[in-house]
Amino acid sequence: MSHYLAAGLALSLAALAGCQPRASGPAPQKTMHAFQDEAQLDAFLKDAAGPAGTPAAAPAPPATGGGVGEHGRHLVLLRHGRLLTVDIGKDQLKLVAAVDAHAPGGDGQDQLVVAGDTVALVGRRPDGTAIALFDIDAGGRLRYRASYQLRAGAQAPALRESLRQIGAKLVLYSPLPLAAPAPGQRAALPALRGWLAGADPAAAPFTRIAPATRIYHGEAAPDAQAGLVLHSVTICDLAARALRCDASAVLGAPARMIHMASEAVYVWSAPHKEGASASLYRIPLNGGAPGAIRVTGVPHDPSALHESADGHVNVLVGQAGADGLALLRLPLTALSDGSDSAAPASYKDLPGFSPQLRSRFVGPWLLYGSAEAAATPLYALRCDATGAPQRLALAHPAERIEAMGEDAVVSGHGQGALHLSSVRLGQQAALANSHVHAIDEDSASVRHAFQYTSQRPGQGMVGLPLVEMRQPDAPEAAVSVVYLRNTALKLRELGTLKAQSGERHDAGAGVMPLFVQGRVFALMGDELVEGKLKNGRLREVRRLDLAPANAQ
């Protein structure tokens, strides 16, 4: 590790509890059971542990801004293992600070979080999760504060899908496969440590953050022969000077999908064997006991689950062994001690099926369609399932489905262009308008994303990152962000901000539009570009090179 992530001041790890968000929903009538004490937990681990379960690999989600934060008049950026601050006040772009934050052994997906005057870097490592804290002042200057190591499982999914910031809280999900019984099995349970500058990190003691009374199991013991995993949810309080973390955990089968909601973490788990039933766990973020229920089918991805404001969980599932879909809808009170199964009436059969299914919950609506057909139907269904699914005819694939205010937009390639179809979501769903953006005829393939900022009801601005590969094996790509105005679901192009020629296409993963303090930016690889509207057109006004050779 670097000296930022491997050394620090003497750290106090006392008072590790108490960092819980607000209460979550109605309490279920029954909940999962916690172990009474450490001795009971030890006996369970000795008797029940079996072959280690391996969490299923989920598809990598697109870039979501994990390397960008905001503090006052400053942008905080994580680029090439360096923390940068850029002053955007007084109509300028000025680099203020650049400090080393690189930690060898990481997966290159470290996430940046800004909470108050604290900047946190979170990264997965072979021995757990590393958390480095920095102070940031009003002038954008950075000062390293402390480092921590969270031990909660080394096979965790990518941080972009297992980490969430809620105010000053960090919420992290981690799975810990439990291997064959061993006297030291308890030594692998969730814990936190920090260490002195220059000291050996391995010599620093861990403090448990998930006591036996916060580790839960169902009414029936999990099937150890099918794999036993400890699904832990850790909440760290960034408002405290010394990091404070608290964890809850559930014993169950390996995860097939996880979903980070605003008030709970959901885990859909199932053993690795034919005919085995799955379980859906809900681990609340308020410190309450988890709930569970037996379910069938498999969610297609984390976006296929939604906890709605009416106190229900809604999941789009593919029925096992059948070319069909269903909407599973359950009241939160149905998730209890895990002994009950979702009633057949909880599943509403839906039309359409595709290996390349795309789905999104937008407000009270579920939208889904196929990304593999040149023209595909888009299905729309209200979450409460009070009406029949509506079938909307798209003239292009449904490669991405995103919210656009209270409505939605569906995008996909077809006939040398990128199509964007806006969808009105009111009492009924309806296609409103379609916009076509021409793609360079020399482009062999195109990746795109989507970001929207609402300016007033029915109006906002779209940022559309594009990475166009000229040839399949070419090392360079055309990288740009196209900006469009949304007015009553009609899209109009405002202009494009482009990266300088020679951008390598691996920089495309870092392409994102930024809407900050009423200004428009594009972060493209090592370039931060600002655009400004004039006479209805967006034009570049300034550019900042963030490459390590220039960010000194």
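Guide: What follows is a set of questions and answers on the labels used for this structure.

Guide: Before we start, this is a predicted model, in which local features need pLDDT of at least 70 and side-chain atom pairs count only at pLDDT 80 or more, while totals for chains, interfaces and linings use all residues. Residues are numbered from 1 along each chain as its sequence is written, and side-chain values use heavy atoms, with hydrogens and water left out.

Visitor: What makes cysteine 236 and cysteine 245 a disulfide?

Guide: The term asks for a pair of cysteine sulfur atoms within 2.5 Å. Here the S to S distance between cysteine 236 and cysteine 245 is 2.1 Å, so the pair qualifies. A search of the whole structure finds 1 disulfide.

Visitor: Why is the disulfide of cysteine 236 and cysteine 245 called right-handed?

Guide: The label comes from the torsion about the S-S bond, which is about 105 degrees for cysteine 236 and cysteine 245, so the disulfide is right-handed.

Visitor: How do you know whether cysteine 236 is buried or exposed?

Guide: Buried means under 20% relative accessible area, exposed over 50%, and partly exposed in between (1.4 Å probe, protein chains only). Cysteine 236 has 0% relative accessibility, so it counts as buried. Cysteine 245 is also at 0% and therefore buried. Another cysteine, cysteine 383, has a relative accessible area of 4%, so cysteine 383 is buried too.

Visitor: Why are tyrosine 368 and tyrosine 379 called a stacked pair?

Guide: The structure holds 4 aromatic pairs. Rings of Phe, Tyr and Trp (its six-membered ring) pair if their centres lie within 6.5 Å; planes under 30 degrees apart count as stacked, over 60 as edge-to-face and the rest as tilted. The ring centres of tyrosine 368 and tyrosine 379 are 5.2 Å apart and their planes stand at 20 degrees, so the pair is stacked.

Visitor: What does the pair of tyrosine 368 and tyrosine 379 tie together?

Guide: Tyrosine 368 lies in strand 28 (residues 365-370) and tyrosine 379 in strand 29 (residues 377-382), so the pair ties together parts that are 11 residues apart in sequence. Strands (E, at least two residues) are DSSP runs, numbered from the N terminus. With a relative accessible area of 1%, tyrosine 368 is buried, and tyrosine 379, at 11%, counts as buried as well.

Visitor: Which residues is glutamate 402 in contact with, leaving aside its neighbours within four places in sequence?

Guide: Contact means heavy atoms within 4.5 Å. By that rule, glutamate 402 is in contact with Arg360, Asp407, Ala408, Val409 and Phe450.

Visitor: How do you know that strand 38 and strand 39 pair?

Guide: Two strands pair if DSSP finds at least two bridges between them. Strand 38 and strand 39 (residues 490-498) have 8 bridges and pair in the antiparallel sense. Asparagine 486 stands opposite leucine 491 in strand 39. Strand 38 is also joined to strand 37 (residues 459-469) by 11 bridges, again antiparallel.

Visitor: What makes strand 38 mostly covered?

Guide: In strand 38 (residues 477-487), 9 of its 11 residues are buried.

Definitions and conventions
Helices (H or I, at least four residues) and strands (E, at least two) are DSSP runs, numbered from the N terminus.
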